[in-house]
Structure formats: C-alpha cells, structure tokens
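Here is a note for a colleague opening this structure for the first time. Please keep the viewer open while reading.

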Amino acid sequence: MKLRPKLRPPMLPHVSMKEAFNLLSTGECDYGPYFGHVLGFWYASLEFPEKILLLKYEEMKKDPVKHVKKLAEFLGKPFPAEEEKEGVGEEIEKLCSQVGDSKNHLTQEMIKRLDEITKEKLKGSGFTFGESKKH
C-alpha cells in the first residue's frame with residue numbers, strides 16, 4: 001500500500017506503509033525525530049500554556065465536544081451560551097469527526113512495536129499516549 005499523495009509533499013518519494021513505519025520507528029524521518037517534536041511541544045505547552053494547546057487524539061475521541069469547546073476558548077472565541085444550547089459544539093464535532101483506521105494499514109506486530117517505542121521515547125517526560133492525564 002502506498003501513502004496517499006495528498007498527505008505528503010510532492011518532492012518526497014512514494015514509500016510503502018511498511019517503509020514509512022520503519023523510518024518512523026528508527027527515527028529516520030525527513031523532518032527530524034518524531035518523538036523529539038512531540039516532547040518539544042509537550043514541554044513548551046507546560047511552559048507556555050497560554051500559547052500552546054496540546055491535544056491528544058485519544059482524549060479528543062473520548063469527548064470531542066469538550067475538546068471543541070476547549071479549542072474555541074483557547075483561541076479566544078468561546079461559544080456564546082445561546083450557541084452552546086443550540087448544540088454548536090456537537091455540530092462542529094459531526095463536521096470534523098474522522099474514524100482512525102490504523103488497523104487497516106498496520107499489522108498487530110507493527111502496532112505493538114510502535115507502542116513499545118512510544119513508551120521508551122516518552123519515558124520520564126510525564127507525557128503519555130492512550131492514557132488520560134491532567135495537563
């Protein structure tokens with residue numbers, strides 16, 4: 001399976017999902033080490049919470065409307081009470097909802113390996129994936 005062209009810059013060569021996974025898991029990404037970027041934004045969000053809002057996909061999936069409201073507040077555009085009563089958060093959530101399908105592209109072995117790498121790379125930072133922690 002090839003990565004969808006719209007998800008990558010045109011100057012990068014086509015790579016299979018397996019090749020892309022191997023590059024990510026070894027840290028050989030064109031834009032630098034992925035986990036270095038994640039931790040950089042994590043630490044910056046702790047230091048400058050008024051400037052950097054870090055949202056976790058897993059938490060957004062659990063309560064998308066809460067996170068839509070959180071994002072609106074962060075941007076200085078909270079929903080007026082009337083719009084909240086009319087369900088504007090729910091409408092935005094419906095318009096933006098996407099269901100992940102990593103299981104259709106990654107093997108169980110790849111998912112397990114990625115989980116292990118993630119735990120190793122984020123160890124000691126206080127940042128986690130898949131677990132809800134107060135930030």
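**Notes on salt bridges and the core**

1. Start with Lys-56 and Glu-59. Their side chains form a salt bridge, with 3.9 Å from N to O. Keep in mind throughout that this is a predicted model.

2. Are these two residues buried or exposed? Lys-56 has a relative accessible area of 6%. Glu-59 comes to 16%. Buried means under 20%, so Lys-56 is buried and Glu-59 is buried too.

3. Next, look at Lys-69 and Glu-84. They make a salt bridge, and their closest N and O atoms are 3.1 Å apart. Lys-69 sits in helix α4, residues 64-74, while Glu-84 sits in helix α5, residues 81-85. The pair therefore ties together parts that are 15 residues apart in sequence.

4. How accessible are Lys-69 and Glu-84? Lys-69 has a relative accessible area of 25%, which makes this lysine partly exposed. Glu-84 is also partly exposed, at 39%.

5. Now turn to Lys-94 and Glu-91. Here the salt bridge between the side chains spans 3.6 Å, N to O. Both residues belong to helix α6, residues 88-96. They are three residues apart, about one turn of the helix.

6. The two ends of that bridge fall into separate accessibility classes. Lys-94 is exposed, with a relative accessible area of 57%. Glu-91 has 43% and counts as partly exposed.

7. How many salt bridges does the model have in total? The count is three. The pairs are Lys-56 with Glu-59, Lys-69 with Glu-84, and Lys-94 with Glu-91.

8. Leave the charged pairs and look at the nonpolar side chains. The largest nonpolar core holds eight residues. They are Phe-35, Val-38, Leu-39, Trp-42, Leu-54, Ile-117, Leu-122 and Phe-127. Two elements, α2 (34-47) and α7 (108-122), each give two or more residues to this core. The largest share comes from α2, with four residues.

9. Finish on Leu-39, one of the core residues. Which residues does Leu-39 touch, leaving aside neighbours within four places in sequence? The contacts are Lys-121, Leu-122 and Ser-125. Among them, Leu-122 is itself listed in the core.

Key
Residues are numbered from 1 along each chain as its sequence is written. This is a predicted model: local features need pLDDT of at least 70, side-chain atom pairs count only at pLDDT 80 or more; totals for chains, interfaces and linings use all residues. Side-chain values use heavy atoms; hydrogens and water are left out. A salt bridge is a side-chain nitrogen of Lys or Arg within 4 Å of a carboxyl oxygen of Asp or Glu. Buried means under 20% relative accessible area, exposed over 50%, partly exposed in between (1.4 Å probe, protein chains only). A nonpolar core is a set of buried Ala, Val, Leu, Ile, Met, Phe, Trp, Tyr and Cys residues joined through side-chain atoms within 4.5 Å. Contact means heavy atoms within 4.5 Å.
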